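Thanks, everyone, for making time this morning.

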Amino acid sequence: MIKFLKREWLLLVGIASVVLFKGSLNQTLQHNLISPAGLAASLLLFVVVLSTIFAVVRHSDALAIKLGDPYGTLILTLSVITLEVVMISSIMLTGESNPVLARDTMFAVIMTVLNGLVGITLLIGGIKYQTQKYNIDGLKSYIIGIIPLAMLCLVLPSFTSSDEFGSMSAALTWTLVLASVSLYGVFLFIQMSSHTHFFIDEDHQDEEEFHGPLGSNTYHSILLIAYLLVVILLAKSFAIPVDISLAHLGAPSALGGLIVALLVLAPEAVGAIKAAFNNQLQRALNLFLGSVLATIALTVPIVLLISHVLNQPLHLGLGSAEMVLLATTLLMTSVSFSSGRTNSLNGVTHIILFVAYIILMFE
């Protein structure tokens, strides 16, 4: 028991934080955010949420190592996407209606992962190893799913009819839901059953590392769920300072989406970049492209359901400049992962696109 408490003391801190914020601290955040007490509560909340997210990924990673690819990578990806959907839903339900939050968050995930994180990973790998290899069939499978879903969910709604609230028509809504669920379902069948070898790097599959004792599958599964519950219960509280701060600063709404994306992707980014340092590019790219595909495929049906139940407007279509960035990103991703090898030039190009996205956000 003592060993357990030493290893998982953060879970106790998380539970205590839930009690505190569900009690009086939420009121402090809502009414006195700029005060010393409000700023201290916000900082405490941020540290606890970020640390708990890292704990979620730690136990997901342990399961990933025990189960092996592609099953382990899928568990890690779905854990991160669960966190993302919870954060989006909480912010949607906090403060004034924000019909573009889900769109901005999905776009932020795409740009952050496919340009920022992929760019850094390829640049690091290119500098250290000159050229890195990956399983081209696996990455093509991800890209085949990402391109149509990204265009259908983030571009097509800008050119179709909407209702009196500016939301999508019922026909398009059901089209996006069916397309997301069916395409991701087929992808999972490919990944988990018929073409598992597409997603495995035969040269490095036995080089996984885990810093800490490995327990049983049951142990890591229970703690994974426990930490997820802590984040879910704190997500509503976390949404309060984010919503108030953006409104107070007059910041673009897209910044809220980027904050959510960076928060939930931080542990995955650390793990993937470490994998690139160890010349395990396949594992890093499985995490990156898997998170982008799952983000679109799973977030769209859920936020559409929330929008319908709460009768809130939801806008998924991007603006013209964002569409150009999205199309360029998808094209560059297809080119970068078309030969089975990458180098630092690919990384620099993706990083430039990410910088352009950041600058455009504040235009």
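In this predicted model, Leu-5, Leu-12, Ile-15 and Val-19 form a nonpolar patch on the surface, and together these four side chains belong to residues with about 340 Å² of accessible area. Leu-5 sits in helix H1, which covers residues 2–7, while the most is given by helix H2, residues 9–31, with three residues of the patch.

Staying at this end of the chain, there is a salt bridge to point out, between the side chains of Glu-8 and Arg-58, at 3.2 Å from N to O. Glu-8 belongs to the loop between H1 and H2, and Arg-58 to helix H3, residues 36–67, so the pair ties together parts that lie 50 residues apart in sequence. The count of salt bridges in the model comes to two.

Now, how do H2 and H3 cross? Their axes come within 10 Å, at an angle of roughly 145°, and the crossing is left-handed. On the H2 side the contact includes Leu-10, Gly-14, Phe-21 and Leu-29, and on the H3 side, among others, Ala-37, Leu-45, Val-48 and Ala-55. Sorted by class, the contact of H2 with H3 has 11 nonpolar and seven polar residues, with no charged ones.

The other helix pair I want to show is H7, residues 170–194, with H10, residues 281–310, whose axes come within 9 Å and cross at roughly 140°. The crossing of H7 and H10 is left-handed. Which residues meet there? From H7 they include Thr-173, Leu-176, Ser-180, Tyr-184 and Phe-187, and from H10 they include Leu-293, Ile-296, Val-300, Pro-301 and Leu-304. For this contact of H7 with H10, the division is 13 nonpolar and two polar residues, again with no charged ones.

I will stop there and take questions.

Notes:
Residues numbered from 1 in each chain as written. Predicted model: local features only at pLDDT ≥ 70, side-chain atom pairs only at ≥ 80, totals over all residues. Heavy atoms only, no water. Axes fitted to C-alpha atoms, helices over the stretch in contact; angles between N-to-C directions. Helix = DSSP H or I, 4+ residues; strand = E, 2+ residues; numbered from the N terminus. Left-handed = near helix turned anticlockwise from the far one by under 90°. Contact = heavy atoms within 4.5 Å. Nonpolar A, V, L, I, M, F, W, Y, C, P; charged D, E, K, R; others polar. Patch = residues over 30% accessible without salt bridge, like charges linked within 9 Å, V, L, I, M, F, W, Y side chains within 5 Å. Areas by Shrake-Rupley, 256 points an atom, 1.4 Å probe, with all protein chains shown as cover.
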